[in-house]
Amino acid sequence: MWSKTHQKTFTGINKDDIWRLWTDINNWSTWHDDLEYCRLNGSFAVGNHFMLKPKGMRAVKITITAVNKGKSFTDCTNFWGAKMFDT
């Protein structure tokens, strides 16, 4: 199994503003050029899912598996024979 991590630090940004952007899944495609759309089914809560459609690819169903409000969230995409978690 492999793991990949990316981190970048910015200053002068309000963490509440970042949290609002991250949890506004329906608008991810406005600032992600490689996405056709993202559609959250229900509220931003554990157990709910969203459909993420990259440009030129099939949409995938992603389930929210953990929410640490204001700090982080984890989601899971199920593929044939594999699961991908993203925090």
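Student: Before we start, what does "contact" mean here?
Tutor: Contact means heavy atoms within 4.5 Å. Please also keep in mind that this is a predicted model.

Student: Then which residues is Thr74 in contact with, leaving aside its neighbours within four places in sequence?
Tutor: With those neighbours left aside, Thr74 is in contact with Thr63, Ile64, Thr65, Ala66, Phe85, Asp86 and Thr87. Thr74 itself is found in strand β4, which covers residues 72-79.

Student: Is Thr74 buried or exposed?
Tutor: Thr74 counts as buried because its relative accessibility is 16%, and buried means under 20%.

Student: What does its side chain make a polar contact with?
Tutor: The side chain of Thr74 makes a polar contact with the side chain of Thr87, at 3.0 Å.

Student: Which residues make up the largest nonpolar core?
Tutor: That core has twelve residues: Trp19, Ile25, Trp28, Leu35, Cys38, Leu40, Phe44, Phe50, Leu52, Ile62, Ile64 and Phe73. Strands β1, β2 (49-54) and β3 (60-68) each supply at least two residues of this core. The largest share, three residues, comes from β1.

Student: What does Trp28 touch, not counting residues up to four places away in sequence?
Tutor: Trp28 touches Leu21, Trp22, Leu35, Cys38, Phe50, Leu52 and Phe73.

Student: You mentioned Trp22. Where is Trp22 placed?
Tutor: Trp22 lies in helix α1, residues 15-23. With a relative accessibility of 39%, Trp22 counts as partly exposed. Trp22 also belongs to a nonpolar surface patch of about 600 Å², made together with Phe10, Ile13, Ile18, Leu21 and Trp31.

Student: A new topic: where does Asn27 lie?
Tutor: Asn27 lies in the loop between α1 and β1, the latter being residues 35-41. Asn27 counts as partly exposed because its relative accessibility is 34%.

Student: How far apart are Asn27 and Tyr37 in space?
Tutor: Asn27 and Tyr37 are 7.9 Å apart, C-alpha to C-alpha, and ten residues apart in sequence.

Terms used: Residues are numbered from 1 along each chain as its sequence is written. This is a predicted model: local features need pLDDT of at least 70, side-chain atom pairs count only at pLDDT 80 or more; totals for chains, interfaces and linings use all residues. Side-chain values use heavy atoms; hydrogens and water are left out. Patches are made of residues with over 30% relative accessible area and no salt bridge: like charges are joined within 9 Å, nonpolar side chains (Val, Leu, Ile, Met, Phe, Trp, Tyr) within 5 Å. Accessible areas come from the Shrake-Rupley method with a 1.4 Å probe; for residues, only the protein chains shown count as cover. A salt bridge is a side-chain nitrogen of Lys or Arg within 4 Å of a carboxyl oxygen of Asp or Glu. Helices (H or I, at least four residues) and strands (E, at least two) are DSSP runs, numbered from the N terminus. Buried means under 20% relative accessible area, exposed over 50%, partly exposed in between (1.4 Å probe, protein chains only). A nonpolar core is a set of buried Ala, Val, Leu, Ile, Met, Phe, Trp, Tyr and Cys residues joined through side-chain atoms within 4.5 Å. A polar contact is a pair of N or O atoms within 3.5 Å; within protein, one must be able to donate a hydrogen and the other to accept it, and residues adjacent in sequence count only if both atoms are side-chain atoms.
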